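The sequence and the model come before the details.

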Amino acid sequence: FLVVRDPRDILTSFYFSARFSHRKPGQGADEEREEATDMPPIEEYVLKQGRKMLPRWQAYADMIRKDPELRLFKYEFIIDNFEEWMNQVIDHTGLPAKPAMVQALAQAHVIRPGDHKRKLEQSTIDELNELYGDIIELFGYEK
């Protein structure tokens, strides 16, 4: 199995995690988390990180092209169709599962894809679309 998420959403999420969630080096777990105010603007951050992450995505693309047995699932499909996804995984692996368990797991998911569209400027999205054009197309995301 390979589960992918729109790289533009990943980059956007990384920014907010680094800025608001991750503790600073040396900060104890019991210390209150402060906003990382020394970070570059989101547009600059996602483009810089996007260039760094591109080789990883190219490796995923190579895996898909080389292994016809590899099952690809998009994060967005999983979020929107969790119960169907779980049933596909169960069917593919032959693992035993109770329908009530699958339904309970499906009801616990509330995250929505498309964060980059809500939080990035169109010019930044356009640059990411250019940088990740082949990847976006291969994995079936819309520009």
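## Helix α1 and its surroundings

The buried residues of α1 pack against α2, α3 (75–80), α6 (115–119), α7 and α8. The model is a predicted one. Within α1 the buried positions are Pro-7, Arg-8, Asp-9, Ile-10, Leu-11, Thr-12, Tyr-15 and Ala-18. The length of α1 can be checked against its residue count: at 1.5 Å a residue, its 15 residues should span 21 Å, and the end C-alpha atoms are 20 Å apart, which agrees.

Arg-8 belongs to helix α1, which covers residues 7–21. Arg-8 has a relative accessibility of 1%; because buried means under 20% relative accessible area, Arg-8 counts as buried. Two polar contacts involve its side chain. One joins the side chains of Arg-8 and Asp-6 at 2.6 Å, and the other runs from the side chain of Arg-8 to that of Asn-129 at 2.5 Å. With neighbours within four places in sequence set aside, the residues in contact with Arg-8 are His-116, Leu-128, Asn-129, Ile-136, Tyr-141, Glu-142 and Lys-143.

Asp-6 sits in the loop between β1 and α1. Its relative accessibility is 5%, so Asp-6 counts as buried. Residues up to four places away in sequence not counted, Asp-6 touches Glu-76, His-116 and Tyr-141. Asp-6 and Arg-8 also form a salt bridge, with the closest N and O atoms 2.6 Å apart.

## Salt bridges

Side chains of opposite charge can pair when their charged atoms come close. The count in this model comes to 5 salt bridges.

| Pair | N to O distance |
|---|---|
| Asp-6 and Arg-8 | 2.6 Å |
| Arg-51 and Glu-127 | 4.0 Å |
| Arg-65 and Asp-62 | 3.7 Å |

What separates the partners in sequence when Arg-51 pairs with Glu-127? The side chains of Arg-51 and Glu-127 meet in a salt bridge of 4.0 Å. Arg-51 lies in helix α2 (residues 42–66) and Glu-127 in helix α7 (residues 122–131), so the pair ties together parts that are 76 residues apart in sequence. Glu-127 has 40% relative accessibility and counts as partly exposed.

The salt bridge between Arg-65 and Asp-62 has a distance of 3.7 Å. Both residues, Arg-65 and Asp-62, lie in helix α2, 3 residues apart, which is about one turn of the helix. An α-helix has 3.6 residues a turn, so residues three or four places apart point the same way. Arg-65 counts as exposed at 54% relative accessibility, whereas Asp-62, at 34%, counts as partly exposed.

A network of salt bridges links Asp-115, Arg-118 and Lys-119.

In soluble globular proteins, nonpolar side chains tend to be buried together. The largest nonpolar core of this model holds 24 residues, and Val-46, Trp-57, Tyr-132 and Ile-135 have the most contacts inside it. At least two residues of this core come from each of β1 (2–4), α1, α2, α7 and α8. Helix α2 gives the largest share, 8 residues. A second, separate core has 8 residues, among them Phe-73, Phe-82, Met-86 and Val-102.

Ile-135 touches Pro-7, Leu-54, Trp-57, Gln-58 and Ala-61, when residues up to four places away in sequence are not counted.

## Phe-139

Is Phe-139 buried or exposed? Its relative accessible area is 3%, so Phe-139 is buried. Phe-139 lies in the segment after α8 (133–138). Neighbours within four places in sequence left aside, Phe-139 is in contact with Val-4, Trp-57, Tyr-60, Ala-61, Ile-64, Leu-72 and Lys-74. The C-alpha atoms of Phe-139 and Arg-5 are separated by 9.0 Å, although the two residues are 134 residues apart along the chain.

Conventions
Residues are numbered from 1 along each chain as its sequence is written. This is a predicted model: local features need pLDDT of at least 70, side-chain atom pairs count only at pLDDT 80 or more; totals for chains, interfaces and linings use all residues. Side-chain values use heavy atoms; hydrogens and water are left out. Helices (H or I, at least four residues) and strands (E, at least two) are DSSP runs, numbered from the N terminus. Buried means under 20% relative accessible area, exposed over 50%, partly exposed in between (1.4 Å probe, protein chains only). Contact means heavy atoms within 4.5 Å. A polar contact is a pair of N or O atoms within 3.5 Å; within protein, one must be able to donate a hydrogen and the other to accept it, and residues adjacent in sequence count only if both atoms are side-chain atoms. A nonpolar core is a set of buried Ala, Val, Leu, Ile, Met, Phe, Trp, Tyr and Cys residues joined through side-chain atoms within 4.5 Å. The expected span of a helix is 1.5 Å times one less than its number of residues.
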